[in-house]
Amino acid sequence: MDLKDKLISSFMAFENNVDIDSPVHDQRSEAIKNFEEKGFPSKKEEAWKYTSLNSLQKIDFSIFPKEADALDYKDVKKYFINEIDTYKIVFVDGIYSSFLSETTHDGVDICLMSSALTKPMYKQVIDVYFNKIASKDESLTTLNTAFSREGAYIYIPKSKMPKKPIEIVHFSTGNEASLLLQPRNLIIAEENAELQVIERHQSLTENEVLTNSVTEIFAAKNAIVDYYKVQNDLSTASLVDNTYVNQKDDSVVKVHTFSFGGKLTRNNLNFFQNGEHIDSIMKGVTILGEKQHVDHHTLVHHIQPNCESHQDYKGIYGENSTGVFNGKIIVDKIAQKTNAFQQNNNILVSDKATINTKPQLEIFADDVKCSHGCTIGQLDDDALFYLQTRGIPKKEARALMMYAFANNVLESVRIPELKTRINKLIAKKLGVNLGFDL
Amino acid sequence: MAYTEEELKKELETKEYEYGFYTDIESETFPVGLNEDIVVAISRKKEEPEWMTEWRLEAFKAWKEMDEPEWANVQYAKPDFQAISYYSAPNSKPKYDSLDEVDPELLDTFKRLGISLDEQKKLAGVAVDIVIDSVSVATTFKKTLAEKGIIFCSISEAIKEHPELVKKYIGSIVPQKDNFYAALNSAVFSDGSFCYIPKGVRCPMELSTYFRINQAGTGQFERTLVIADEGSYVSYLEGCTAPSRDENQLHAAVVELIALDDAEIKYSTVQNWFPGGKDGVGGVFNFVTKRGLCEKNAKISWTQVETGSAVTWKYPSCILKGDNSIGEFYSIAVTNNYQQADTGTKMIHIGKNTRSTIISKGISAGKSQNSYRGLVQVNSRAKNARNFSQCDSLLMGNECGAHTFPYIEVKNKTAQIEHEATTSKIGEDQIFYCNQRGIETEKAIALIVNGFSKEVLNKLPMEFAVEAQKLLEISLEGSVG
């Protein structure tokens, strides 16, 4: 039985397992219908031209994992930003781990999707926000909607700010030979609210994992959301991350994506600007090695006038890795005075690496400033030689230049400890120790 | 100012397509529809050898299996391929030795287009192979060219007289089954130009062809084959104007360029077919496949100025097969009213040290949609490939759209690719500055657009550059806003 059929037939069992009277029951049924019709995306579809899910579909993934043994904090401590205190929402094999987590209801709600979906006190919020901006016809998003049950639920009321950053961490223990995870996150920042989120997916063994995650982010007027995605999983883990962001007047949402690990990673990042004077910022650093594949798909839909969007993606591709960048900017007819910028710079360091990039503009308004730039090149030999004449070994010199190349993305990380952590990850990935932090 | 902007707008909107007239020449037209018999009949009519008829039939078979492509960013009512007449030839004598023998009405047509043959002969030194409704009626300067060993004739003549060359190269760059319209063209092409430049010869003049679609309800299927042998050089010009018609006319041409070692081909196009009325009725469908192959050290340069056609679907491409070969693409695409253009280029880097440059300027006005779609592909063995692409769009008015779809696929680490695109509108202060200097808004826009397009206009041969500038002005009239 292929994966699609398995999922469809498991849906009934899943529905019986959760509350059928739940308000999202209809949305789940609708979603599974759409998935049944569309199935997994194939390379024939324009959006999936460069990324194939065929090999993943051949794997017999477990959809309902057994509950794993509790993890010891000291074993997994290194995966948290442990230098600072954070709220933590932790899942082990898709199941909430209260032992590792630190949630709160003190003024803000930082808790679980499963309770938000079932408890009456959240019904009002769920009715307004749940599945409102997530695509209703993109097949993988609807697959997630159909099986949506667990994930992070964050609600920041008007003019509030959580005391510390929030970490969302998904561990997979390898209890199952191969595991399919479908976390569903909902993040709401009301007027003037502000929050910082760090999301991470981590496998603890080399058993196959596929994560199909959907995150909906709502930023109301004047809200500020900082979202960091750290993708540094083992080479047996694949991730499809679908993030949908809806912004109102004067809000600022920043999403940073750091892709260093994983076998196949696909990021679908969608911004909808439903207001004026909005700023949307998307930044990414991708450093790939052996057989890795990362596909960044961004969409910014400028719906209202006087907004801005900034995209800056840097990629360094080694070994036989493949990188894809597809950035799409749509400017509606009424969205005058839009400023949309997109930048994608890539360095190929191996003969076997491939980069496919397609920065795309669709513009219907005339009084706009839109630009995109894209480069593919290699490290400058002269600069490398200069560093070597100053006594810096070639390997370190190369790493130094790559650091510099990625630096303007790192600069805008607002949590210093996270920045240090990412610097370390980059150093490890490049196999050097520069003895300093940028 | 003499008029208000509103008045100016109104006047220009009602301005009819300048080149919209219809020459009444008796034509011999085939019955409408397409089947194997028609394909065979076209081939017979042109007294083609057996292999050519077979080749056409093979293409027709492939075409029957194919579907119309839908991926382009254009919307239009699909042409009914069974409602088109696939052959129409002027009914007068098939060939002329001198201009005096040519139908005076036909000459008048050219005069009104401003391309009077004798004037061109004397002043511009251009050899013109005029194609009116698919059959070549006049070839000039043939003798001068023949002395150098250059073959410049219609493709049907070439099939008869130089079958070895045609057989070797036709379909080698754009195979019969390449795409829907190329297959259709391969099956039913009525005529076109053929050009062969022998080894080491530098063609002393610009070769030029003018296309017009004249007879109502006839599609035009041109086939152009240019072969530049080792170390040769040729500059080829193609210009198009079509009379005003209310039904959509189909144009599906195929152009194949072959630049052998060290050769250089410069191919320039000015396309000003009927763009349809200001309400979007009528206009030409321009679905063209153009592709060139560069061998070692060869260079192909495409320059195009696209101002006409209701729907344009065109991607002149370069296959940089040989080491050190160079591909260039310079384009201005202007759309106004309800025009739609989806155009761009493909640069396929296969050889080492290959270089390509893409400069594309899109100008959209009225309710038009203008798309740039391009591919830069660097294969794994294409060491030191270099590409620079720039796509700029200028928007006039808030009802038009500009789109860019650049695909970049790189499989070699030594490649250096740069791509940049911008979209903007004409600055109000720029117009104000011109107004202040006594230049009216309409003229000011023409001035600014010319400046915007200069990089591309500069690449056109002299005679064409002037005409192209005029065309830009004409096509943007009425877009002040």
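Visitor: How many residue pairs does the rule find in polar contact across the interface of chain B and chain A?
Guide: Before we count, this is a predicted model, so local features need pLDDT of at least 70 and side-chain atom pairs count only at pLDDT 80 or more, while totals for chains, interfaces and linings use all residues; side-chain values use heavy atoms, with hydrogens and water left out. Residues are numbered from 1 along each chain as its sequence is written, and chains are lettered from A and ligands numbered from 1 in the order in which they are written. A polar contact is a pair of N or O atoms within 3.5 Å; within protein, one must be able to donate a hydrogen and the other to accept it, and residues adjacent in sequence count only if both atoms are side-chain atoms. With both residues at pLDDT 80 or more, the number of pairs between chain B and chain A is twelve.

Visitor: Which elements give two or more residues to the side of chain B that touches chain A?
Guide: Helices (H or I, at least four residues) and strands (E, at least two) are DSSP runs, numbered from the N terminus. On that side of chain B, the elements giving two or more residues are β23 (401-410) and β24 (416-425) of chain B.

Visitor: What area is buried between chain B and chain A?
Guide: The contact (heavy atoms within 4.5 Å) takes 35 residues from chain A and 32 residues from chain B. Buried area is the accessible area (1.4 Å probe) that two parts lose on being put together, summed over both. Carbon and sulfur atoms give 48% of it, and the total is about 2800 Å².

Visitor: Which side chains meet in a salt bridge between the chains?
Guide: A salt bridge is a side-chain nitrogen of Lys or Arg within 4 Å of a carboxyl oxygen of Asp or Glu. The count between chain B and chain A is one. With N to O at 3.9 Å, the pair is A:D367 and B:K425.

Visitor: Which residue is the bridge partner of A:T375 in β24(B)?
Guide: Strands pair if DSSP finds at least two bridges between them. Strand β20 (residues 369-377) of chain A and β24(B) run antiparallel, over seven bridges. For A:T375, the partner in β24(B) is B:E418.

Visitor: How many of the ten residues of strand β19 (residues 354-363) of chain A are buried?
Guide: Buried means under 20% relative accessible area, exposed over 50%, partly exposed in between (1.4 Å probe, protein chains only). Both faces of β19(A) are covered, with A:T354 among the buried residues on one side and A:I355 among those on the other. β19(A) is largely enclosed by the rest of the structure because the number of its residues that are buried is ten of the ten.

Visitor: How far apart in sequence are the parts that A:D85 and A:K164 tie together?
Guide: The side chains of A:D85 and A:K164 meet in a salt bridge at 3.0 Å, N to O. A:D85 lies in the loop between α4 (73-76) and β1 (87-92) of chain A and A:K164 in the loop between β4 (152-156) and β5 (166-172) of chain A, so the parts they tie together are apart in sequence by 79 residues.

Visitor: Are A:R184 and A:E216 buried or exposed?
Guide: A:R184 and A:E216 form a salt bridge, their closest N and O atoms being 3.1 Å apart. A:R184 lies in strand β7 (residues 184-189) of chain A and A:E216 in strand β9 of chain A, so the pair ties together parts 32 residues apart in sequence. Both A:R184 and A:E216 are buried.
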